[in-house]
Amino acid sequence: MNTIHTEALSALVDGEPVDPALLAAALEDPDARAALVDFVRFRDAARADTTALPAGLDRLRQRPPLPRAFRWTAAAAVLALMFVAGMLAPQPWRQDPASSEAPPQPTRIERFEPGVDWHPGD
Amino acid sequence: MRIHRRIGTAVLASGILACPLSAEMQDTGVQPVLQVGIRTLNADGSRGRDAGITRVVKPGVKASSYLHAGRIEDPDGQLCSMRAADTTGRELNALDRRGLDAALYVWKVTTTSVVLEAGRQTIDLEWARFDRASTTATVSRKSRLTLADGQTHALDLVHGTAAAPCLTPAVILEVTALTQEAPALADAVLRYDMWLVHHDRSGRRETRHLVLSGLQGRAPAFDFPPMFAPVPRLQDDQYDFRVATRISGTVRGRLTQDGQVSIELETHRSNRLERIPATALTLPPRSAGGRKMLTGALGEAIEIQLPQPASGSSSSPASERDLREVRERASAVNRLEAPPRGMPPADEPVLIQNGRLTVNYAPFFEGERLSVIVQVEKADAGSEQPAIR
């Protein structure tokens, strides 16, 4: 069995990025294909196990509640960061004369006059 | 003596009154400068040496310069030494005289300014060349020239020997019109926002935008990406054609004493019939151009409309089959067998005659409008690099 192939398929089942060329080679490998079926079975079995954890262990999953003041400070920091990012980000919809492709409205119109200040070049 | 002085004063005053500085020059404080010089044309492509006189030109005032190249005692034709002397308002000094007496070639150039305006100088020019210390001029000329700012006009050329140690096979005499900026404004950097705006017959607008910058008085060049107009298909096997319109030129801005900006816009328009995809054979463009002086406020957007072509056409074999026939006809012309072709009518925008597709530019562009919009601002000194958007 090619361990590289089985690792690639394992990564695929776990939702990790896989080199498409390596994946194609792995799927050609009969041993790796068998391993892929085993991975799927194992995952199904793990998903089907809904037995509740003992109460002591289940408490370990829960995060301790954050203090109320800390939560408000964090929210304010996020808002401040969003505001600064908005200020610094390009704003193509704004009419900046320096970068706009649309020409400004001219205040007056002049004309080259043929034979006066405009002449054929050839 | 007193009478002579009065006459001289009157002549000088009449010259100044007859040749005032243009309004643009007074507003911008610039001074016209004329350079009379000789320079070597090197055989190896390296930059040659030069000698010359550069002076601020006064309206109506005559100025003389002497320039010399080579020495009589050197082997024949060597042009390794050169020197220039300004004799306006003074006599030649001893050093000048020794140099002139021993020089292989001496030029005397006298100039009188006739008209001075921003970007243009008209001068009366009188020059003569004296070879090998002769008191008789070998060649002399009188002419009136109008030179644009920065333009050089060649007057004379003498050849030396190619074997000269200083690699100077030739020396050229020339005059160059320049401009001296007002000291208080000379370091100002200007930013030019330029748009090319095209409206077709239906009013649809297409634009190009360039941003240029440069020290005031400089003339950064602009060259808008071309605008393309499709050529209609008149026969099934016709090549795909388009007409490419290219607008290029230079723009020179100068701040005026009252805070405005003087703009000199030099613009060229060329129309070229092109095949799609492009082929190695490119047809020559039909071009026209002009120069306009404007004054406006900083930041003011001024539109300058370009004339549509009044005439001119381009033509090309219309298809592969026609190209073959054109080649056969060309070989027949070489055998003096084929009759000459007639000119296609000029009132049709596009037509095919005798296997050639012709675009007549006047009707082709009729009803369309092409303009350049220019907007000049003061820029920071650090932003002199031109950019294209």
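**Exercise 1. Find the partner of strand 13 of chain B, and the sense of the pairing.**

Solution. Strand 13 (residues 227-230) of chain B pairs with strand 14 of chain B in the antiparallel sense, over four bridges. Strands here are DSSP runs of E with at least two residues, numbered from the N terminus, and two strands pair if DSSP finds at least two bridges between them. Within this pairing, M227(B) stands opposite T245(B).

A word on the model: it is predicted, local features need pLDDT of at least 70, side-chain atom pairs count only at pLDDT 80 or more, and totals for chains, interfaces and linings use all residues. Residues are numbered from 1 along each chain as its sequence is written, while chains are lettered from A and ligands numbered from 1 in the order in which they are written.

**Exercise 2. Follow strand 14 of chain B to strand 15 of chain B and count the bridges.**

Solution. Start at strand 14, then look across to strand 15 (residues 261-276): 16 bridges join these antiparallel strands. As a landmark, R246(B) stands opposite S270(B). Next, visit the hairpin, with five residues between the strands, where G259(B) takes a positive phi near 85 degrees.
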